[in-house]
Structures are given as structure tokens and as C-alpha cells.
Amino acid sequence: MRSIWNGAISFGLVSIPIKLVNATESHSISFRQIHTEDGGRIRYRKFCELEDREVTQGEIGKGYEDADGSIIPITDEDLSSLPIPTAKTIEIVAFVPADRIDPLQMDAAYYLQASGAPAAKPYTLLREALKRSNKVAIAKFALRGRERLGMLRVVGEAIAMHGLLWPDEVRAPEGVAPDTNVTVRDQELDLADALMDTLGEVDLEDLHDEYREAVEEVIAAKAAGEAPPQAPEPAAGGKVLDLMAALENSVRAARESRGEEAGEHAEVKSLPQRKTARAAPKQTGGKKSASTAKKTAAKKTTASAKKSTAKSGQGTKKTASKSTAKKTTTKKPTPRKRPA
């Protein structure tokens, strides 16, 4: 990778020679300006106002326009000899936890490449120190005509630097949030949680620039003399008045997009502060109920049979007693008369 700046990292009394290279690249499609009538290129020529002639890039320098309109020339030598320690040095000023850095301050990203063999040992020392401390280094450096703030962190086996905006360059979010009182119900938060769970996480490697791909398709079609692809008709939509319905539809659409059955209900998690209702009593299954009913009926039948047997036994005993009583009460036989 081509370096855009050469200098050193100042780590206390340790100096680490490094080269600064871009860590990111743009894949956006660039267009040329053309004359719409004939397709001719539109070019901007650089003219000198005093001589009224076109000048080359080598003849162009920098100048500061004063309040009275006069121009003060500034050369690259003037900027390179600025009386500041960060002119050719990335000066580390502090080490802080990474969560102390507001993402709003993040700017361009660079890789810091060790410059030559002498830089290998101190470069590795700084990298391992950052790893073990779980902190990032805050540094100041000068680039493209101005002093900047940077954050150094470890990426793989390399040290990366993120340019940071100065704190006074980040605007306060005044007047951005709604200025009306809005009440969000627990049910709406539950559905929002369900939607977040349904969408889940994503591997950033799977994301790509669909807009750029669509533009490339249009360019390829027109280059082949074909009609460019047409965008699908947008779905007819109206003003959503029911937030709950919109959330429910969003959960359903997210589940369908992930290949889950549309008929399944989204799982809504209750918020921790809400009181949960008492659980309904468990209902016994059909087989269990039938079995219980059979057992109950059998018990009743057995009891009835026992009662009937007991009654029959009592009746038999009473009949036998009556018969004995009758036999006892019969007339005694008359004694026979003896012969004279």
C-alpha cells in the first residue's frame, strides 16, 4: 500500500518510525460531467486572473486571502517548518478506555506501518502494551495543513489510527429529539423487543452495496444497447395510524423473510418491571380424565355391589330366623295310649 505520510510515533522517549497508509477505500461509482446535447466532456480549466492564461498544476500553489482581499502566499516549506511537535510526529498524549471515545468523533482510518527494521521492536512493544491494557492511545498529529486528533488501537497484528474530530467540532443534538410529550406503552416496547429479537444479529461480511450493483447493471445494459432494468413498483402504503399493528406486521414480515412460518406467533418478552399474571391451572389430558372416570365408576360399582350383598345377607338371616321360629311354635304330638 502506498504511504501518504512519513513520520514517527512519539511514545514518551521512545520514537517509532512509521508510514501512514489509508485503511479504507471507496468503491463508489464516479461520473463525468458531459454536455447533454452531444455527450462532449465538460472540463474545468485553471486560468490566472492577472495573466488571463491557463496554467499547469506545477504552477499552482497555496495562498491565504486576508480580510482586505490581498493574498498571502504559503509554501509547503512554511508548513513543514511549523513550530509544533506534531509536524512530523504522532505524539501520544494519553491512554484511555475505548468506551470513552464518542463514535461521533470518528473520522478517517489509517494503518500505521513500521518503517524499516529498527522500528520493529518499539512498534511491537506499543502494540502489545495496547493489547494488555485494553486501552486506546490518544494522539495529536499534523496532516494536510492542520493539526488533528487521533486514536490508536490494535487491529489484528497492526496498529490502526482513527482520525478524531476535536470535541468542539461535534455539534450538540439540540432541537433534534421530539419536543412533544410521548408515552410509550409496555406492549409497544414488548413488540419492539420481539422485532429486535426476530431480526437478530448479522455478519457484516454478508452486507454489500446494492445501490452500486444496480448502477453497474444500468451501465452494462446501456453499453450493450439494451433497456436498463426497471425498478419494481413500490408497494402501496398509507399513513400508519396504529403503531401496534405496524410492529406486529414488521415482526411477521421479518419472520417470513427468515423462512419461518407466517402462522407462528412472535414471542413477546415481558419487561422486567411488569408484574406477570398468575398462571392458569393446568388442565388434565383426555386420556388421564377417561382413566380417572373409569376408576371412579369402578369404585362406585364395587361399593354398590357390596351394599347389595350386605342387604341380601341380612335378608337371608331374617328368613332363616322366621323359619326356625315357625318350627318351634308347631303343636306337640299326642302320646299313645297303653293297652289295659
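Mentor: Helices (H or I, at least four residues) and strands (E, at least two) are taken here as DSSP runs, numbered from the N terminus. In those terms, Ile72 belongs to strand β6, which covers residues 71–74. The model is a predicted one, in which local features need pLDDT of at least 70 and side-chain atom pairs count only at pLDDT 80 or more, whereas totals for chains, interfaces and linings use all residues. Residues are numbered from 1 along each chain as its sequence is written, and side-chain values use heavy atoms, with hydrogens and water left out.

Ile72 has a relative accessible area of 38%, and it is therefore partly exposed, a class that lies between buried (under 20%) and exposed (over 50%), with a 1.4 Å probe and protein chains only. Together with Tyr64 and Ile74, Ile72 makes up a nonpolar patch on the surface, and the three residues have about 280 Å² of accessible area between them. Patch members have over 30% relative accessible area and no salt bridge, with nonpolar side chains (Val, Leu, Ile, Met, Phe, Trp, Tyr) joined within 5 Å and like charges within 9 Å; the areas follow the Shrake-Rupley method with a 1.4 Å probe, and for residues only the protein chains shown count as cover.

From the patch we can turn to the pockets. The largest pocket holds about 390 Å³ of space. Its lining comprises 16 residues, of which Leu79, Ala142, Leu143, Arg144 and Gly145 are the closest to its centre. A pocket is an open set of points on a 1 Å grid over the protein atoms alone, where a 1.4 Å probe fits and protein lies on both sides within 12 Å along at least five of seven lines, and lining residues have an atom within 4 Å of a point. At least two lining residues of the largest pocket come from each of β1 (3–11), α1 (76–80), β9 (135–143) and β10 (146–155), and α1 gives the most, with three residues.

The salt bridges come next. A side-chain nitrogen of Lys or Arg within 4 Å of a carboxyl oxygen of Asp or Glu makes a salt bridge, and by this rule there are 12 salt bridges. Arg45 and Glu54 are joined by one of them, at 3.4 Å from N to O; Arg45 is exposed, with 56% relative accessibility, whereas Glu54, with 41%, is partly exposed. Lys131 and Glu157 form another, with their closest N and O atoms 3.3 Å apart. This pair links distant parts of the chain, 26 residues apart: Lys131 is in helix α2 (residues 120–133), and Glu157 is in the loop between β10 and β11 (158–164). Glu157 is exposed at 52% relative accessible area, and Lys131 is partly exposed at 33%. A further salt bridge connects the side chains of Arg185 and Glu188, again given as N to O, at 3.4 Å; Arg185 is partly exposed, with 43% relative accessibility, but Glu188 is buried, with 12%. Shared partners also join salt bridges into one network of Arg127, Glu128, Lys131 and Glu157.

Two loop residues deserve a check of the backbone. Most residues other than glycine have a negative phi. Asp52, although not a glycine, has a positive phi of about 55 degrees; its place is the loop between β3 (47–48) and β4 (53–54), and it is exposed, with 62% relative accessibility. Asn134, likewise not a glycine, has a positive phi of about 55 degrees; Asn134 is in the loop between α2 and β9 and is exposed at 65% relative accessibility.

Ala94, in strand β7 (residues 89–97), is partly exposed, with a relative accessible area of 29%. Its C-alpha is 5.8 Å from that of Ala137, although Ala94 and Ala137 are 43 residues apart in sequence.

Notes
Points joined across faces, edges and corners; volume = space filled by probe spheres on them.
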